[in-house]
Amino acid sequence: MAAAITEEQSRKRLKHSHGEVEQATATASIDRISDLPESILCHILSFLRTNTSVRTSILSRRWRYLWASVPNLFFHNENQEIVNSVMLLRRVQTINIFRLFHEIECTDYQLQTWVTFATLRNVQKIDLRFLSQEDVVLPRCLFTCKTLVSMRLRSCGVIPVRRGAVCLPHLKKLHLIYVRFEADESLIHLISGCPVLAELSIKLSHGTVYRNVSSPTIKRLMLNFRSHGNGGRSDRLEINTPALEYLKISDSFSEHNKCVVLNSLVQADINLVNDHNIPDYVLYSRSLLEFIDRFCNVKRLKLVLSFCRKVCFRSLIGSFSISLVIWQSCTVRAMYLFYRLLTR
């Protein structure tokens, strides 16, 4: 009798353990990701390139058309048929981020069509890179898109020169890398058409001699002009940004550079290279000190003059008091480096 009871208990324990295993297996096989709300799944897919997002359509029926509802489009050297198909099959009528890196030959009309597609769908952030077609004419609607808050152009398009051709009322970030300008006035008109611009970055702007950065709203300014004069003319830079808090310049300094007093400036990173065509190094050096003297309240200053071997600081010791207030508010390292320059 006791043996029978023991055997029955053993069978129950074994059956119970098998049930736990089956339950654990069933739990492990549940696709918890697919059970998430569609909005969350689309948010996850928005971090992927568009071609990768499209590939998830083979996972299950639930995933088949999810990619068509993703608010971001990231194209990287896809052929024209793929880009056109994705645009035609999209279900949402708005685009948060439109990123197009295209190094494959295609017509200007096709590129303009893609950019227009994004602007007509209230795109907020746009990032374009056409490395093989620097002279492509960008559509006018790109420079009058009222929903843009961030724009990055690299090796593509020509910035228009006409006054009133730019109207970007909500643009806060603008990055221009190896772009071309119709004329020197193009940069002025571009900035004036961005009334709330807070961050501007320009790297090696081709075809410009006179660069005027004037805006009451810019707080971060990054300029990389590692090019010398065009056609024998000296480059000129004017900075009129009274609200500026961060400034970074990499350039061959010119005695024609001008800057307003920057009372709000907190950090500056200045990297200057030598211009072998400088006729008067004393005038050049004085202009440099006067330029830096505009950084009234800067707290952190990085000044790299390692490539300016002929800057005449020795002849400007009398002008040192002009810039004394600057160095008093800088780091000890900056003061030491400046002292070494003066006493060489």
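**Cores, sheet and ring pairs**

At 0% relative accessibility, Phe295 counts as buried, where buried means under 20% relative accessible area, exposed over 50% and partly exposed in between (1.4 Å probe, protein chains only). The model is predicted: local features need pLDDT of at least 70, side-chain atom pairs count only at pLDDT 80 or more, and totals for chains, interfaces and linings use all residues. Residues are numbered from 1 along each chain as its sequence is written, and side-chain values use heavy atoms, leaving out hydrogens and water.

Start with the whole chain. Of its 344 residues, 42% are buried. There are 9 helices and 15 strands. These are DSSP runs numbered from the N terminus: helices are H or I with at least four residues, strands E with at least two. Contact means heavy atoms within 4.5 Å. Among contacts between residues at least 6 apart in sequence, 57% join residues at least 24 apart.

The largest nonpolar core has 67 residues. Such a core is a set of buried Ala, Val, Leu, Ile, Met, Phe, Trp, Tyr and Cys residues joined through side-chain atoms within 4.5 Å. Phe98, Leu128, Leu142, Met151, Leu153, Leu247 and Phe295 touch the most other members. Helix 5 (residues 108–119) gives the most to this core, with 5 residues. A second, separate core holds 6 residues, including Leu41, Leu45, Trp63 and Val70. Take Leu247 in the largest core. Leaving aside residues up to four places away in sequence, Leu247 touches Leu221, Ile239, Leu262, Leu265, Gln267, Ala268, Asp269, Ile270 and Phe295.

Two strands pair if DSSP finds at least two bridges between them.

Ile202 has Leu223 as its bridge partner in strand 10. Strand 9 (residues 210–214) and strand 11 (residues 236–240) also pair in the parallel sense, over 5 bridges. Strand 9 is mostly covered, with 4 of its 5 residues buried.

Helix 6 (residues 185–192) buries Ser186, Leu187, His189, Leu190 and Ile191. Their cover includes strand 5 (158–159), strand 6 (173–177), strand 7 (180–181), strand 8 and strand 9.

Last, the rings. The whole structure has 2 aromatic pairs. Rings of Phe, Tyr and Trp (its six-membered ring) pair if their centres lie within 6.5 Å; planes under 30 degrees apart count as stacked, over 60 as edge-to-face and the rest as tilted. Phe75 and Phe98 have ring centres 6.3 Å apart and planes at 70°, so the pair is edge-to-face. Phe75 lies in strand 1 and Phe98 in strand 2 (residues 97–101), so the pair ties together parts 23 residues apart in sequence. Both Phe75 and Phe98 are buried. Phe291 and Phe295 form an edge-to-face pair too, at 5.8 Å centre to centre and 75° between the planes. Phe291, at 5% relative accessibility, counts as buried.
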